[in-house]
Amino acid sequence: MPLSAEVIRSLQPYDLRVMRTLERLMHRFEWVPLDDLKTATRFSGSELAYRLGRLIGRGLVRYEKVPYEGYTLVYAGLDTLALRALTSRGTLRALGTLTGEGKESVVYEGLGLAPVAIKLHHVGQRSFQSVRRNRDYLPDHTNSSWLQASRLSAEREFGALTLLHPRVPVPAPVAIDRNAVVMDLVGGATLNRCRLDDPGTILDEIVAGVRTAYRLGAIHNDLSEFNVMMDGERVVLIDWPQWVTPEHPNARAILENDLGNVLAHFTRKYRLNRDLDGVVDSVVG
Ligand SMILES: Nc1ncnc2c1ncn2[C@@H]1O[C@H](COP(=O)(O)OP(=O)(O)O)[C@@H](O)[C@H]1O
Ligand SMILES: [Mg+2]
């Protein structure tokens with residue numbers, strides 16, 4: 001269910017207090033027991049029941065009976081807290097339409113001082129096993145919650161954009177709160193949805209971006225035609241949460257995989273053939 005600005009605006013201070021308390025207690029509980037929530041909010045039983053009813057009805061909080069009775073924020077609840085915070089800081093003035101939905105994020109258009117993209121990281125419990133494999137920065141205990149993982153993913157991405165912008169063509173970072181990264185809105189579409197007039201030049205620009213990023217200390221680690229956008233004639237490399245440094249023990253293989261994905265796309269779509277080893281050497285050399 002997409003987030004609605006109306007729902008976000010309709011929340012009252014007491015609703016938000018319940019949500020923030022839940023968020024805090026979720027560091028200790030996967031499902032927060034009613035009694036703990038009651039103690040922490042200092043609300044009466046009826047007030048708390050009323051607030052929880054409103055939040056559950058709006059799809060921001062969930063109640064489960066198993067493994068024991070308790071309450072938890074869901075992604076929409078975390079997203080809402082982040083968007084409220086960004087709004088009250090003045091970073092965000094309006095929430096626009098949903099523009100992208102990936103494996104581990106949803107991206108909205110919005111308005112800050114200029115048009116922005118708001119990427120809400122949703123690193124899930126359900127997909128945790130598969131996530132784990134290529135995200136070895138996650139803390140090493142099995143019940144690391146989706147909430148922490150999503151926040152960490154946002155921090156990682158914001159860190160990369162801060163490191164790389166403006167020397168590498170990436171979206172300019174604007175702000176971060178919880179699992180939400182606010183960045184410049186890129187016009188256009190990802191490579192898989194474009195037909196390029198001059199694919200050779202564009203491929204050179206992508207490789208140059210990968211090279212500069214490498215020099216600055218970042219290897220993308222999920223590069224492909226789905227994570228390169230064309231803003232008119234300009235290349236923009238997006239989607240950085242899983243980046244690694246050149247000191248990573250598998251750095252060379254990761255770089256080969258990134259560049260291999262891109263070269264394979266240009267071969268398939270434009271019959272352009274480049275030698276992978278040569279391109280990788282040009283990046284690390
Ligand atoms: N800065 C941006 N400006 C415009 N659209 C964006 C921006 N960042 C992401 N998108 C859109 O959202 C989609 C998903 O974003 P991405 O960062 O690739 O996340 P995921 O990990 O979910 O693939 C992209 O394919 C793109 O269409
Ligand atoms: Mg992507």
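F266 and Y270 sit four residues apart in helix α9, about one turn of the helix (helices here are DSSP runs of H or I with at least four residues, strands runs of E with at least two, numbered from the N terminus). This is a predicted model, where local features need pLDDT of at least 70 and side-chain atom pairs count only at pLDDT 80 or more, while totals for chains, interfaces and linings use all residues. Residues are numbered from 1 along each chain as its sequence is written, chains are lettered from A and ligands numbered from 1 in the order in which they are written, and side-chain values use heavy atoms, with hydrogens and water left out.

Now for the rings. Searching the whole structure turns up four aromatic pairs (ring centres of Phe, Tyr or the six-membered ring of Trp within 6.5 Å; planes under 30 degrees apart are stacked, over 60 edge-to-face, the rest tilted). One of them is Y14 with F43, a tilted pair at 4.7 Å centre to centre with 40° between the planes. Y14 belongs to helix α2 and F43 to the loop between α3 and α4, so this pair ties together parts 29 residues apart in sequence. F43 counts as buried because its relative accessibility is 8%, whereas Y14, at 37%, counts as partly exposed (buried is under 20% relative accessible area, exposed over 50%, partly exposed in between, with a 1.4 Å probe and protein chains only). Then there's F266 with Y270, also tilted, at 5.6 Å and 35°. F266 is buried at 0%, and Y270 is buried at 12%.

Back at Y14, the charged end of R17 sits over the ring, 5.4 Å from its centre (the rule is NZ of Lys or CZ of Arg within 6 Å of the ring centre and within 35 degrees of the ring normal).

Next, look at α4, residues 45-57. L48, R51, L52, R54 and L55 are buried. They cover an arc of only 160° around the axis, so they share the same side of α4 (the arc is taken from directions between the helix axis and the C-beta atoms). S46 and G57 are exposed on the other side. The buried residues pack against α1, α2, α3, β1 and β2 (contact is heavy atoms within 4.5 Å). Just after α4, G59 takes a positive phi of about 75°.
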